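Subject: Structure for your study, with findings

Dear colleague,

Please find below the structure that I would like to hand over to you.

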Amino acid sequence: MARYALLVQPSANRVYAQASVGLTVAELQIVDERALGGVLADIAEETIGGARYVTFEADALDDRAVAHLSQVSTAFALFEVVGDLLRPVTLTPLAAYDDDLLTVLKYAGKTNETFTHLLLHATLLFRERPGELLDGSLRVLDPMCGRGTTLNQALRWGHDAVGLDLDRKDVEAYASFLGRWLKDKRLKHTIATTRVRHEGQRPTRRTDATLAPTKADWAAGRTQQVTILHADTLRAGELVKRRSVDAVVTDAPYGVQHGSRHPEHGLARGPLELLAEAVPVWVELLRPGGALGIAWNTRVAPREDLTALLEKAGLEVADGAGYTSLRHRVDSSILRDVVVARRPAGAAT
Ligand SMILES: C[S@@+](CC[C@H](N)C(=O)[O-])C[C@H]1O[C@@H](n2cnc3c(N)ncnc32)[C@H](O)[C@@H]1O
């Protein structure tokens with residue numbers, strides 16, 4: 001058995017304060033359970049030369065295992081521990097586009113990019129076929145997408161993305177950012193905004209973009225699609241095809257500055273009321289075997305309530321050691337947690 005040491009991104013401390021190493025341990029447990037077949041032993045925190053690492057033991061890691069480990073949201077560098085020396089293992093994270101796709105836009109209410117990475121990663125790993133997250137063939141829906149942090153993360157990993165948000169300013173800001181960014185980067189693309197009318201409802205603004213990381217990919221038709229819609233998430237079933245997404249990933253309103261807006265009941269304090277109505281709508285859009293991941297503020301909605309709601313919608317909730325250790329403090333009013341669940345592969349229509 002060899003021993004490995006994963007160096008945690010120093011910037012992760014800004015997001016999670018003291019929790020970053022603990023969250024890295026949890027994310028590694030998830031990777032191990034879902035993608036590596038339980039081959040990691042003794043996952044633990046350790047300080048080496050004054051820096052914080054997460055160490056573990058494993059037999060030699062093949063390229064696929066390194067690719068999975070490279071997706072850990074806080075991974076900065078990986079080493080094999082040889083005596084008291086560290087031998088670098090080159091990480092190979094998915095990065096179809098520059099990381100400024102995620103960092104350029106700054107705004108109040110943005111979900112931190114590192115946390116969004118963790119949320120998307122933990123969710124895609126819980127799908128029936130977790131290995132596919134490395135293959136760039138999935139379609140991710142964020143049904144309350146704000147200015148698109150989840151969509152951009154999915155694009156950067158090579159996947160397609162679709163997002164909905166009720167806030168028109170957010171949707172417009174994302175669409176204009178994306179157009180500008182694609183132009184500045186001189187990437188081959190098309191982008192267009194249209195209005196769609198559905199069953200007598202008010203018209204919805206919809207922006208569709210097609211892009212590719214390189215000219216060769218574009219020429220070969222290896223393109224990615226991203227769509228963003230200005231709509232209430234409860235209308236997702238009219239606007240997104242049934243069983244057309246592999247994952248639903250969202251950071252729910254925190255009930256603090258970003259209240260959940262319910263179309264009839266106005267601004268609700270907690271997100272539970274909205275989620276109780278929205279989850280059954282989202283589940284219909286998931287392909288069987290697909291997964292759903294929600295981040296929320298436990299100060300306004302207890303975990304058991306969310307779990308019960310997902311089970312009621314016919315989902316299997318992830319209860320492995322990693323999946324139940326993702327709770328962390330964001331600030332004095334937000335204690336964030338993540339719940340992940342799967343639509344059973346054999347789900348009836
Ligand atoms: C925590 S924010 C998500 C931020 C996003 N992840 C980002 O980084 O930009 C929650 C979002 O839920 C949206 N929202 C609240 N109620 C909604 C509803 N009924 N339908 C669609 N979006 C809703 C808000 O407009 C807000 O953008």
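The paragraphs below set out what was found, beginning with the overall division of the chain. Please bear in mind that this is a predicted model.

Domains

The domain assignment divides the chain into domain 1 (2–89) and domain 2 (100–342). Between the C-alpha centres of domain 1 and domain 2 there is a distance of 27 Å. Where the two parts meet, 19 residues of domain 1 are in contact with 26 residues of domain 2.

In soluble globular proteins, nonpolar side chains tend to be buried together. In this model, the largest nonpolar core has 72 residues, and the members that touch the most others are L69, L78 and V226. With eight residues, helix α2 (residues 20–36) gives the most to this core. Where does the core lie in relation to the two domains? Domain 1 (2–89) and domain 2 (100–342) both give residues to it, so the core lies between them. Another core lies apart from this one and has 32 residues, among them L229, L286, L292 and A341.

V226 deserves a separate look. Once its neighbours within four places in sequence are left aside, V226 is in contact with L151, L155, A161, Y174, L178, T207, D208, A209 and L211.

Helix α3

Helix α3 (residues 63–70) is mostly covered, as six of its eight residues are buried. The buried residues are A65, V66, A67, H68, L69 and S70; L69 was named above for its contacts in the largest core. What covers the buried residues of α3? The cover includes α2, β3 (51–58), β4 (75–82), β5 (85–89) and α5 (113–125).

T114 is found in helix α5. Its relative accessibility is 17%, and T114 therefore counts as buried, since the cut-off for that word is under 20%. Not counting residues up to four places away in sequence, T114 touches V15, Y16, S73 and T74.

H159 is found in the loop between α6 (149–156) and β7 (160–165). Is H159 buried or exposed? H159 counts as buried because its relative accessibility is 0%. Apart from neighbours within four places in sequence, the residues in contact with H159 are L124, E132, L133, G136, S137, L138, A154 and Q224. With L133 there is a polar approach: a polar atom of the H159 side chain lies 3.1 Å from the backbone oxygen of L133. By contrast, V25 is 134 residues from H159 in sequence and 26 Å from it in space, C-alpha to C-alpha.

The ligand

How many residues surround the ligand? There are 24, and the closest are Y107, T111, T149, D165 and T233.

- Y107: an N or O atom of its side chain is 2.5 Å from an oxygen atom of the ligand.
- T111: an N or O atom of its side chain is 2.8 Å from a nitrogen atom of the ligand.
- D170: a polar side-chain atom lies 3.3 Å from an oxygen atom of the ligand.

On its own, the ligand has 610 Å² of accessible area, and the protein covers 99% of that area.

Yours sincerely,

A colleague

Definitions and conventions
Residues numbered from 1 in each chain as written. Predicted model: local features only at pLDDT ≥ 70, side-chain atom pairs only at ≥ 80, totals over all residues. Heavy atoms only, no water. Core = buried A, V, L, I, M, F, W, Y, C linked by side-chain atoms within 4.5 Å. Buried < 20%, exposed > 50% of the residue type's maximum accessible area, 1.4 Å probe, protein only. Helix = DSSP H or I, 4+ residues; strand = E, 2+ residues; numbered from the N terminus. Domains from an automatic or database assignment. Contact = heavy atoms within 4.5 Å. Near = heavy atom within 4 Å. Polar contact = N/O pair within 3.5 Å; in protein donor to acceptor, adjacent residues only side chain to side chain. Areas by Shrake-Rupley, 256 points an atom, 1.4 Å probe, with all protein chains shown as cover.
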